[in-house]
Amino acid sequence: MNIKVLSHISTQTRMNFYRMFIAGLASCLVWLMLGVLPVLAQRTGIVSGSVVDKATQESLPGVTIKIENTTKGTLTDESGQFKLTDVPTGSINLVASFVGYKAETKYNVVITSGNIVTLVFELQEEAQALDEVKVTFNRSISVSNIETPLSIQRLSTEEIKSNPGGNFDISRVIQSLPGVGGTTGGGGFRNDIVIRGGAPNENVYYLDGIEIPVINHFSTQGSAGGPTGMLNVSFIEDVTLSSSSFDARYDNVMASVLQFKQREGNKERLQGNFRLSGTEAALTLEGPLSPKTTFLASARRSYLQLLFALIDLPIRPNYWDFQYKVVHKINPKTTLTALGVGAIDQFSFGVPRESTPSKEYVLRATPSIEQWNYTAGFVIKRLINKGYWDLALSRNDFSNAINRFEDGQNGVEELRILKIRSKETENKLRFNLVKNTGAWKHTFGLVAQQVAFSNNIYNRIRKELRDSANNVVQPAIIVDFNTDISFARFGAFYQTSRSFLKDRLRFSAGIRTDMNTFLDKGLNPLETLSPRVSLSYSVLSGLNLNASVGQYYKMPIYTVLGYQDASGNFVNKNNRYTQSTHYTGGLEWIPRSSTRFTLEGFYKDYNRYPVSIRDGISLANQGGDFGAIGNEAVTSSGRGRAYGLEFFAQQKLIKGIFTVFSYTYVRSEFTGADKDQFIASAWDSRHLISALFGRKFRKGWEIGMKYRFAGGAPYTPFDLVASQQNYASFGVGILDNTRLNSERLNAFNQFDFRIDKKWNFNRWTFDLYMDVTNALATVNPAFPQYTFERNEDNSGFKTTDGQPLAQDGSNAVPLILNDEASTVIPTIGFIIEF
């Protein structure tokens with residue numbers, strides 16, 4: 001069979017981007033040459049906040065708050081509050097210190113005249129003898145804690161905002177951390193978070209203690225990835241990523257826990273910011289509602305559809321998102337928080353002005369998507385003697401409507417390939433109690449959930465084909481069912497921790513179990529009994545040896561649970577929780593308060609992983625594309641392993657410079673129908689490198705540079721015979737799963753560059769920035785695309801006999817697109833703080 005291979009890099013698209021880049025650069029220069037801006041500049045701002053004991057959350061009065069390397073500072077009042085005025089604008093490091101506590105530094109705090117900066121310090125008491133009274137060594141750069149002494153990283157809000165190529169997208173910035181990869185075959189334009197070789201749906205996400213199942217627009221159902229994040233960075237105080245040694249309070253996690261900590265609204269005045277970039281506009285407001293109540297609220301609107309029309313791409317993504325947080329201080333010991341986040345997404349298509357094989361493929365192969373989702377909840381927190389408890393009540397909804405038709409002819413039912421009308425609803429109640437008794441810390445909790453899932457799906461996997469004698473040569477394969485299920489989930493956990501030898505040896509152990517009323521063995525608490533233990537030992541001052549082992553479980557995704565066969569039976573009810581056992585060990589070295597090095601090794605052993613009965617492959621390979629996964633019969637028979645080594649080095653802001661470097665070697669392999677044959681998974685990138693350099697200059701200038709590398713991702717080649725037979729009715733090639741992930745893409749390389757300039761005026765700030773993604777125009781890999789050649793006037797497919805295309809494609813001219821692109825994406829934008 002003769003197959004033409006076309007390597008295609010769209011010169012026109014690239015030139016359109018360059019024109020935008022030049023126009024944006026010219027705009028920057030115009031602003032920079034306006035002499036009126038520096039004349040009106042103001043040089044001071046305000047920073048305020050509070051200090052609490054990390055273990056008990058009690059306020060700490062009398063804590064010293066000081067700007068590093070200056071004499072300017074203040075003390076917290078009797079309620080633990082502080083306020084610093086006339087602080088010079090620019091980036092500072094702010095230090096909180098108190099007798100008997102470990103000092104903490106907030107690095108790279110950006111002071112502007114437009115907004116009051118609000119911070120919260122959580123100081124940890126230092127273990128010491130009764131006759132010792134001292135202010136201890138500052139280890140603020142370490143993000144480890146007694147429950148999770150390793151495999152943990154943290155990003156501050158400024159690190160997210162200033163990340164080159166990040167475009168204020170938290171999901172994208174996270175991919176710069178060690179052990180974090182993505183779906184590189186899409187040119188780096190998806191936010192699939194792949195942690196240490198695990199699938200995207202192995203992660204869980206928490207927003208101020210409330211679980212949020214969706215953090216990306218156009219999310220893949222049954223997974224979590226999408227092309228752009230939906231959380232507003234203006235709300236975020238910091239983001240913590242744990243990739244092992246999980247606290248027992250977190251359920252349904254096998255790869256990572258991402259905790260998004262939101263700040264509180266400003267208590268003194270109404271303020272906000274407006275952000276306009278090349279892709280979106282966002283407005284954030286905050287302030288007091290009463291002496292005891294503050295709020296944060298935002299709305300964001302994309303205009304990617306206009307940008308893509310301008311550069312003649314056929315896709316038209318369009319979205320809104322909203323976010324809010326209200327905090328009410330009932331009394332000094334009780335706080336009520338209401339929060340929510342939601343999105344409205346529409347993914348449609350337009351007719352390109354200039355047709356290419358690649359654009360025609362996109363129109364035929366990509367479904368239209370309409371989604372909406374929200375998470376809303378309340379958290380009440382109560383301080384008690386030597387501890388606290390919190391109770392969280394939340395609800396999340398996810399609605400997903402997907403359509404795909406032959407040849408992109410939307411609306412013609414006879415040509416329909418895919419229809420999904422799905423909705424997931426969860427009502428959750430979580431209770432956590434933290435109590436310190438002597439040297440021991442105890443954490444206990446309960447969780448209860450009510451789940452409702454409906455799924456109306458029609459999916460034509462194969463169309464019936466007949467030969468000239470009307471004999472069936474390929475039977476039709478159609479998935480068609482309408483399911484509606486409701487069940488309960490519940491769990492409990494306990495964790496205890498203690499330090500020994502004057503805090504040199506730290507120990508933590510925990511256990512949890514989770515149950516449900518749907519699966520056949522769902523009510524057996526021993527099925528998911530999940531022990532874990534961690535140890536940390538200070539070999540020398542600043543040098544820690546850490547280790548952990550834990551067993552973690554994840555429930556099958558709802559699309560798997562809701563699948564029904566032709567007789568209406570829930571054939572996956574006999575599935576079991578997927579199991580993953582983590583073994584992790586490493587070193588953490590902190591030579592000084594602003595510098596941190598870590599070296600870790602990890603091994604993850606998977607059992608009972610879902611395997612497709614139809615295709616015989618592990619679902620661990622799915623989740624990096626648009627649409628949904630899991631709508632099929634599966635068996636809990638798969639095994640897997642992911643193992644590797646991580647190195648991480650970080651220098652916080654010192655003398656205007658901050659740097660980060662990470663390297664990860666990771667192997668990811670899973671079995672399918674053959675339980676003994678381990679095959680590289682779709683996430684087996686082998687080598688991951690990330691490097692970041694930032695420089696702060698005087699007068700509001702800042703530059704940032706970031707480099708990312710990922711080894712070539714595995715992919716499965718096409719079954720050429722089946723692809724030719726089915727392309728006319730299916731719109732994509734058919735993969736040859738007998739050669740699963742036997743080929744590899746080229747490596748992914750990307751260099752991003754960002755420059756910011758801030759002007760501070762009387763109670764408002766103007767920040768102009770330019771962010772260039774893939775600034776060196778590197779050609780990055782893309783998965784091959786199977787299609788048929790079009791005729792010269794693009795009115796139809798070229799055929800070998802000059803006749804119309806045969807139903808089985810026998811007279812087509814097959815074409816494989818290697819659509820690797822060197823797209824440069826410049827973004828010009830500004831932020832006004834007021």
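# Exercises on a predicted model

Of the contacts (heavy atoms within 4.5 Å) in the protein chain with a separation of 6 or more, 68% join residues 24 or more positions apart. This is a predicted model, in which local features need pLDDT of at least 70 and side-chain atom pairs count only at pLDDT 80 or more, while totals for chains, interfaces and linings use all residues. Residues are numbered from 1 along each chain as its sequence is written, and side-chain values use heavy atoms, with hydrogens and water left out.

## Exercise 1. The whole chain

State how many helices and strands the protein chain has, and decide why its radius of gyration agrees or disagrees with a compact globule.

Solution. Helices (H or I, at least four residues) and strands (E, at least two) are DSSP runs, numbered from the N terminus. The protein chain has eight helices and 46 strands. The C-alpha trace spans about 95 × 70 × 50 Å along its principal axes. Of the 834 residues, 58% count as buried (under 20% relative accessible area; exposed is over 50%, partly exposed in between; 1.4 Å probe, protein chains only).

## Exercise 2. Ser399 and Leu501

Classify serine 399 as buried or exposed, do likewise for leucine 501, and place each in its element.

Solution. Serine 399 belongs to strand β24 (residues 387-405). Its relative accessible area is 16%, so serine 399 is buried. Beyond its neighbours within four places in sequence, serine 399 contacts Glu370, Gln371, Trp372, Ser422 and Lys423.

Leucine 501 sits in the loop between β29 (477-500) and β30 (505-516). Its relative accessibility is 55%, so leucine 501 counts as exposed. Leu501 also belongs to a nonpolar surface patch with Tyr537, Val539, Leu540, Leu545, Leu587, Leu599 and Leu645, about 700 Å² of accessible area together. Patches are made of residues with over 30% relative accessible area and no salt bridge; like charges are joined within 9 Å, nonpolar side chains (Val, Leu, Ile, Met, Phe, Trp, Tyr) within 5 Å. Accessible areas come from the Shrake-Rupley method with a 1.4 Å probe; for residues, only the protein chains shown count as cover. Strand β31 (residues 530-540) gives the largest share of the patch, three residues.

## Exercise 3. Salt bridges

Solution. A salt bridge is a side-chain nitrogen of Lys or Arg within 4 Å of a carboxyl oxygen of Asp or Glu. By this rule there are 50 salt bridges. Glutamate 237 and lysine 106 meet at 3.7 Å, N to O. Glutamate 237 lies in strand β16 (residues 236-242) and lysine 106 in strand β7 (residues 104-111), so the pair ties together parts 131 residues apart in sequence. Both residues are buried.
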